[in-house]
Amino acid sequence: MHILLTRPIEDCSEMILKFKSLGHQVSHLPLLVVEKVNYDPINFSSSRGIIFTSANAIKFLDIKKIDKKILCFCVGEATEKTARNNGFQNVISAEGNVENLKELILQNFNKKDGSLIYMSGETVSFDLDKQLLKEGYNIIRVINYKTSHNVTFNENFVNSLKSSIPDIVYVYSQNSALSFMKFIKTNR
C-alpha cells in the first residue's frame with residue numbers, strides 16, 4: 001500500500017518508519033510550514049490549566065517557568081505525547097477531536113477553580129476559547145505559532161507521486177486539507 005504523510009518530518013518520522021517496517025511504500029509531502037510567533041510573557045502560576053490543540057503549541061512554548069504538574073488538556077495522542085515528553089505530568093487527552101476536548105474540559109475542570117490558558121496557532125478550525133467563554137470559563141488564548149501553505153515541491157517527487165498515486169493520504173487539519181487541494185490543482 002502507498003501511504004502519503006503530509007505533516008512536517010519531525011511530526012511524522014516515527015510513522016514513516018513504522019509504516020515502512022510493515023512493508024508499505026511511504027511518501028512524505030509536508031503541506032504546511034510552521035513558524036513561531038512571539039507573544040507577551042505569560043504568568044502561568046495564576047492559571048490552573050493549559051489547553052493544547054496542537055503539538056506545535058508545545059514546541060513553540062517556553063516551558064522553563066511552568067510548573068509541570070499543571071493540568072494539561074490535549075486534543076489528541078500526538079499532542080499528549082509531546083506534552084509528556086516535555087515534562088508535563090498531569091495530562092488528559094481527547095483522542096484527536098476539539099469538540100471532544102471541549103467536553104473533556106467541561107467534565108474535568110470546574111470554571112470556579114480559576115483560569116485556563118489556551119496555547120494555539122493563528123488558524124483554528126474550532127473557536128474553542130469562544131465556546132468555553134460562553135460556558136462561563138475564564139480563558140486566555142495565546143497564539144504562539146502560525147502556519148503557511150508550502151509552495152515549494154521537488155519536481156521529481158511530484159512526478160513520482162503522479163506515477164504512483166497513494167492509496168491513503170493522511171491530512172491532519174482543515175488547513176492541511178486546503179493546502180492539499182491547492183497542491184493538487186497546481187500539480188495536475
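Predicted model: local features only at pLDDT ≥ 70, side-chain atom pairs only at ≥ 80, totals over all residues.
Six strands make up an open sheet. Their order is β3-β8-β7-β4-β5-β6, and the pairing is mixed. At the edges are β3 (32–36) and β6 (90–93), each pairing on one side only. On average, neighbouring strands are turned by 25° against each other, direction ignored.

Look at the pairings in turn. Strand β4 (residues 47–52) runs parallel to β7 (residues 115–121), and five bridges join them. Here isoleucine 51 has tyrosine 118 of β7 as its bridge partner. Strands β7 and β8 are also parallel, with six bridges. In this pair, leucine 116 stands opposite isoleucine 139 of β8. Strand β3 runs antiparallel to β8 (residues 139–149), joined by five bridges. There, valine 33 faces serine 148.

Which residues of α4 are buried? They are Val98, Leu101, Lys102, Leu104 and Ile105. Seen down the axis of α4, these buried residues fall within an arc of 160°, so they line one face of the helix. Their cover includes β4, β5, β6, β7 and α5 (128–134). The N-terminal end of α4 is capped by asparagine 97. A side-chain oxygen of asparagine 97 lies 2.7 Å from the backbone nitrogen of glutamate 99.

**Salt bridges**

Side chains of opposite charge can pair when their charged atoms come close. The structure holds five salt bridges, including those in the table.

| Pair | N to O distance |
|---|---|
| Lysine 81 and glutamate 14 | 2.7 Å |
| Lysine 64 and aspartate 62 | 3.2 Å |
| Glutamate 80 and arginine 84 | 3.2 Å |

Take lysine 81 and glutamate 14, which meet in a salt bridge. Lysine 81 sits in α3 and glutamate 14 in helix α1 (residues 9–21), so the pair ties together parts that are 67 residues apart in sequence. Lysine 81 is partly exposed, at 39% relative accessible area. Glutamate 14 is exposed, at 56%.

Glutamate 80 and arginine 84 both lie in α3, four residues apart, about one turn of the helix. An α-helix has 3.6 residues a turn, so residues three or four places apart point the same way. Is glutamate 80 buried or exposed? Glutamate 80 counts as buried, at 19% relative accessibility. Arginine 84 is partly exposed, at 39%.

Terms used
Residues numbered from 1 in each chain as written. Heavy atoms only, no water. Pairing = 2+ DSSP bridges. Helix = DSSP H or I, 4+ residues; strand = E, 2+ residues; numbered from the N terminus. Axes fitted to C-alpha atoms, helices over the stretch in contact; angles between N-to-C directions. Buried < 20%, exposed > 50% of the residue type's maximum accessible area, 1.4 Å probe, protein only. Arc of directions from axis to C-beta. Contact = heavy atoms within 4.5 Å. Polar contact = N/O pair within 3.5 Å; in protein donor to acceptor, adjacent residues only side chain to side chain. Salt bridge = Lys/Arg side-chain N within 4 Å of Asp/Glu carboxyl O.
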